[in-house]
Amino acid sequence: MSALVKFVDMHKSFGDLEILKGVTFSVERGEVVAIIGQSGSGKSTALRCMDRLETIQGGELWVCGHALHRDDVDLKALRRDVGIVFQSYNLFPHLTAEQNVALAPRLVASKSHAEASDIAQAVLSKVGLAEKRAAYPEQLSGGQQQRVAIARSLAMQPKLMLFDEVTSALDPKLTGEVLRVMERLAADGMTMILVTHEMQFARNVADRVVYMRDGRIHEMGGPEILIKPQTPELADFITHEQ
Ligand SMILES: Nc1ncnc2c1ncn2[C@@H]1O[C@H](COP(=O)(O)OP(=O)(O)OP(=O)(O)O)[C@@H](O)[C@H]1O
Ligand SMILES: [Mg+2]
């Protein structure tokens, strides 16, 4: 299987309420996919399913070779392969940037103190925060904290990165800093799926855009669909997003 992520008629419900109503699509290695759509259309739920933070009720979902529709998923192996970053950074306030980033390499990947520290410094450099390694979260801006959160995921050398509206809480200047880090990651060949409201970023960086509406993929295509949408619903959505 060459696709890194494969949804096959995937269904997800919360109780009686069906949220994802048959989602089918694949993501190839190295692809950058932007998921857009109205509030409540199921974007975050789809993303959370890919890290098995939610279980699915129907169809198939393959992520980095793990069959998430089966009960016997190796969650530890899955979470080593997949990094996920949310709008909230959730850094440990009593740990420095470097300690936050070094935590998983030490505890999950059993690296030595020195190895974990080297990894942390390398990924902090990658997100432009080499000089902030000794800073505590409260001494960092929102954009810097979000970049530490991205570095924390990168420290585990994931095969796939998932981003859920990681810039929504940031003002425009800080948003730009974070988007530039993501752009660099994409240029380095990282496979990325991002839920975003940043239409310009999606247009510039995504290989593919997925427009979700009411639990289904309503339109999907290259970034040009953001300029020339095929459905009136996407056209309407774009008009209101900008
Ligand atoms: N844990 C949950 N229990 C019950 N319903 C949920 C749960 N999580 C999400 N939902 C519902 O699923 C639907 C889709 O939510 P989701 O968070 O995936 O939307 P979204 O597209 O990410 O929206 P937004 O743009 O506002 O973030 C919503 O109607 C929401 O209320
Ligand atoms: Mg959401």
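Where is the place of Glu219? Glu219 sits in strand β10. Before I go on, note that this is a predicted model.

Glu219 is buried and has no salt bridge. The nearest side chain of opposite charge belongs to Arg213, 9.9 Å away. What the side chain of Glu219 does have is a polar contact with the side chain of Thr231, at 2.6 Å. If we leave aside neighbours within four places in sequence, Glu219 is in contact with Val209, Val210, Tyr211, Ile225, Pro229, Gln230, Thr231 and Leu234.

Leu234 takes us to helix α8, residues 232-241. Its buried residues are Leu234, Phe237 and Ile238. Why are these three on the same side of α8? Because they cover an arc of only 100° around the axis. The face turned away from that buried side carries exposed residues, namely Pro232, Thr239 and His240. The buried residues of α8 are covered by elements including β3 (32-37), α7 (199-205), β9 (208-213) and β10 (216-221). So much for the helix.

Next, ligand 1. The residues around ligand 1 are Phe14, Ile19, Gln38, Ser39, Gly40, Ser41, Gly42, Lys43, Ser44, Thr45 and Glu165. For Ser39, an N or O atom in the side chain is 2.6 Å from a ligand 1 oxygen. For Lys43, a polar side-chain atom lies 2.7 Å from an oxygen of ligand 1. With Ser41 the backbone is involved: one of its polar backbone atoms is 3.2 Å from an oxygen atom of ligand 1.

Key
Residues numbered from 1 in each chain as written. Chains lettered and ligands numbered in written order. Predicted model: local features only at pLDDT ≥ 70, side-chain atom pairs only at ≥ 80, totals over all residues. Heavy atoms only, no water. Buried < 20%, exposed > 50% of the residue type's maximum accessible area, 1.4 Å probe, protein only. Helix = DSSP H or I, 4+ residues; strand = E, 2+ residues; numbered from the N terminus. Arc of directions from axis to C-beta. Contact = heavy atoms within 4.5 Å. Lys, Arg positive; Asp, Glu negative; His and termini not counted. Salt bridge = Lys/Arg side-chain N within 4 Å of Asp/Glu carboxyl O. Polar contact = N/O pair within 3.5 Å; in protein donor to acceptor, adjacent residues only side chain to side chain. Near = heavy atom within 4 Å.
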